[in-house]
Amino acid sequence: MDIGKIDQIIDKHDSEASALIQVLLEIQSENKWLPKEALTRVSEKLAVPMSRIQHITTFYKTFSLTPKGRHEVHVCVGTACHVRGAQNILDTVEEVTGVKPGETDPDLNFSVETVSCLGCCALGPVMVVDGEYHGNVEPAETAKVLKDCACSQEQ
Amino acid sequence: MAKITSPAELEKLREKILSQRDPDKLCITLCSGSACHATGCDPVADALAEEMEKQGVVGKVDFRRTGCHGFCEQGPILVVYPQGICYLKVKAEDVSEIISATVKGGKVIERLLYVDPNTGEKATLEEDIPFYKNQQRLVLGPNRKIDPKSLEDYLAVDGYQALVKTLFELSPEEVVGEVKNAQLRGRGGAGFPSGIKWDFARKAPGEQKYVVVNCDEGDPGAYMDRSVMEGNPFAVLEGLMIGAYAIGANEGYIYVRQEYPLAVANLTIAIEQAEEAGLLGENILGSGFDFTVKVHRGAGAFICGEETSLLNSLEGKAGEPNARPPFPATRGLWGKPTNINNVETWANIPLVINKGADYFTAIGTEGSKGTKIFSLVGKVNNTGLVEVPMGTTLKDIIFKIGGGVPGGKQFKAVQTGGPSGGCLPEDLLDTQVDFDELTRAGAMMG
Ligand SMILES: Cc1cc2nc3c(=O)[nH]c(=O)nc-3n(C[C@H](O)[C@H](O)[C@H](O)COP(=O)(O)O)c2cc1C
Ligand code: FES
Ligand code: FES
């Protein structure tokens with residue numbers, strides 16, 4: 001990741017150490033994951049020890065210290081989605097992409113995560129693919145959304 | 001918007017906005033909350049823009065994208081005013097007919113109306129749908145009337161009137177007194193009396209104090225805070241400013257869980273607009289009161305809904321809880337006195353100040369005043385957000401508003417209060433929902 005971009009993000013938060021989590025969130029949303037160089041830069045600029053950054057990045061579920069796939073799939077497994085068949089959706093996702101929750105395939109096509117509640121409970125089960133919400137999904141539709149994703153990247 | 005420097009100027013602006021709005025004018029509103037995004041409000045909005053142009057009604061019809069109506073399962077929801085004709089599960093393909101038949105011809109399109117699954121009856125107006133009929137939407141009400149990205153819309157529904165009253169007519173002690181008299185209890189779960197908590201923070205020694213909004217909403221299955229923050233961020237902001245004035249804080253933080261990107265987006269716009277209009281910043285409306293606010297996004301950790309963890313997270317640390325006492329009211333953010341309340345608690349504050357404690361205490365039960373928003377989800381006919389007076393029975397919520405269990409199946413149990421709550425069986429269906437009754441039944445509010 002470009003150091004200039006990282007500096008820009010840090011400067012936006014007035015280089016305040018308390019903004020550490022917000023800075024990391026922005027880097028992650030730019031770059032999808034947090035490479036070592038980025039963390040080193042943050043540590044220097046905010047004057048926060050690496051050990052604390054390590055603690056933060058492992059404590060919060062959002063942060064990823066390994067590269068993410070081109071497509072990010074989030075499946076809600078909150079109570080409301082659970083009772084409406086979230087597990088079937090998760091199984092279908094694994095069938096189609098070959099990726100288990102919390103993992104990314106070696107070709108970096110898909111990353112799959114579970115989340116608990118996206119606030120769209122009335123539409124359960126809910127799945128988010130690359131930021132787009134899909135409500136009341138069924139296994140067949142899930143497979144279609146993911147296959148369309150895989151196709152669009154081959155073109 | 002130019003800076004507003006006095007209450008008189010604000011009122012002048014409000015009058016101007018209202019004079020430009022004709023309540024009899026045709027207006028189409030489209031719910032654009034995050035659930036309606038999932039069901040496809042964007043293609044509907046695009047089709048509307050195109051059809052309005054094509055059928056030559058631009059300028060004759062207003063179009064507004066609103067916050068969550070709470071009936072997400074039936075979204076996208078489109079309402080045609082002034083009649084208030086409510087269409088559910090609207091698709092882009094329906095739009096051409098909506099313009100030609102309803103907007104131009106005043107005719108109702110039957111197939112887009114709500115059908116009662118129990119009686120087969122249709123409802124034309126939103127108010128006629130049983131799901132809404134039995135609710136009292138004091139907090140959620142504005143959601144369907146205003147565009148959450150428009151300060152003007154909020155001003156048109158008397159927005160920031162409570163702030164003016166607070167800054168110019170009431171002393172901090174009087175504000176705390178009003179909240180105490182209203183017997184408002186925290187909506188975040190524990191039900192602690194908000195006025196008493198504010199008083200602790202107000203009386204705590206120290207120059208620097210903070211106010212914080214808890215929008216972590218960690219309980220899966222609940223989305224009332226999402227809906228309020230997304231659909232009416234102004235009310236939360238206004239409540240927060242009133243609380244800041246009352247306890248003597250000049251800085252506030254709004255903690256929003258990471259899973260709510262639209263709430264962050266709308267809230268950020270509301271803050272920018274308030275800053276531009278002089279409703280945030282230095283010397284607000286010429287009152288001498290200064291207040292700034294920052295949005296802090298969470299990073300995915302259930303425990304951060306707990307207040308001491310949340311405050312640690314705001315400081316840029318891991319969100320691990322501290323032992324209490326000391327309570328945040330004496331030692332909170334960066335060791336300073338801090339008052340933290342839930343989104344819904346803050347959103348009730350403008351109501352309490354505008355209408356007064358007497359109005360507020362007339363609603364609800366002996367120990368729990370006002371309304372409470374519930375998220376009714378799972379195996380019920382009508383799922384969605386339900387705002388009812390405290391003390392409404394579980395039976396009324398599930399059967400009158402929720403329409404009962406689908407397919408006429410036997411009711412088994414209802415869980416309240418998320419993972420920390422409990423499951424209540426059929427023989428407890430007459431339980432009146434308020435803080436004390438739920439605790440007595442072994443469950444929790446929420
Ligand atoms: C494990 C745990 C999770 C909590 N999650 C939330 C939450 O998601 N939202 C919330 O407002 N309060 C939550 N609370 C309660 C807060 O600690 C705090 O009491 C509340 O924000 C106070 O606001 P109120 O007085 O307006 O309810 C949680 C408490 C615990 C112990
Ligand atoms: S439980 Fe899945 S969106 Fe709420
Ligand atoms: S998001 Fe549209 S009704 Fe809830």
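Residues are numbered from 1 along each chain as its sequence is written, while chains are lettered from A in the order in which they are written. In this predicted model local features need pLDDT of at least 70, side-chain atom pairs count only at pLDDT 80 or more, and totals for chains, interfaces and linings use all residues, with side-chain values resting on heavy atoms and leaving out hydrogens and water.

Chain B holds an open sheet of four strands in the order β9-β8-β7-β10, with parallel pairing, where strands (E, at least two residues) and helices (H or I, at least four) are DSSP runs numbered from the N terminus, and two strands pair if DSSP finds at least two bridges between them. Strands β9 (292-297) and β10 (338-342) of chain B stand at the edges with a single partner strand each, so one side of each is left without a neighbour in the sheet. The twist averages 20° from one strand to the next. Strands β7 (residues 210-215) and β8 (residues 251-256) of chain B run parallel and are joined by six bridges, and Cys215(B) has Val256(B) in β8(B) as its bridge partner.

Helix α11 (residues 233-247) of chain B, with 15 residues, reaches 21 Å from its first C-alpha to its last, close to the 21 Å expected at 1.5 Å a residue, the expected span being 1.5 Å times one less than the number of residues. In α11(B), 15 of the 15 residues are buried, so the helix is largely enclosed by the rest of the structure; buried means under 20% relative accessible area, exposed over 50%, and partly exposed in between (1.4 Å probe, protein chains only). Just after α11(B), Gly248(B) takes a positive phi of about 90°.

Ala47(A) is exposed, with a relative accessible area of 64%, whereas Gln183(B), with a positive phi of about 55°, counts as partly exposed at 36% relative accessibility.

How values were computed: Axes are lines fitted to C-alpha atoms, for helices over the stretch in contact, and angles run from 0 to 180 degrees between N-to-C directions.
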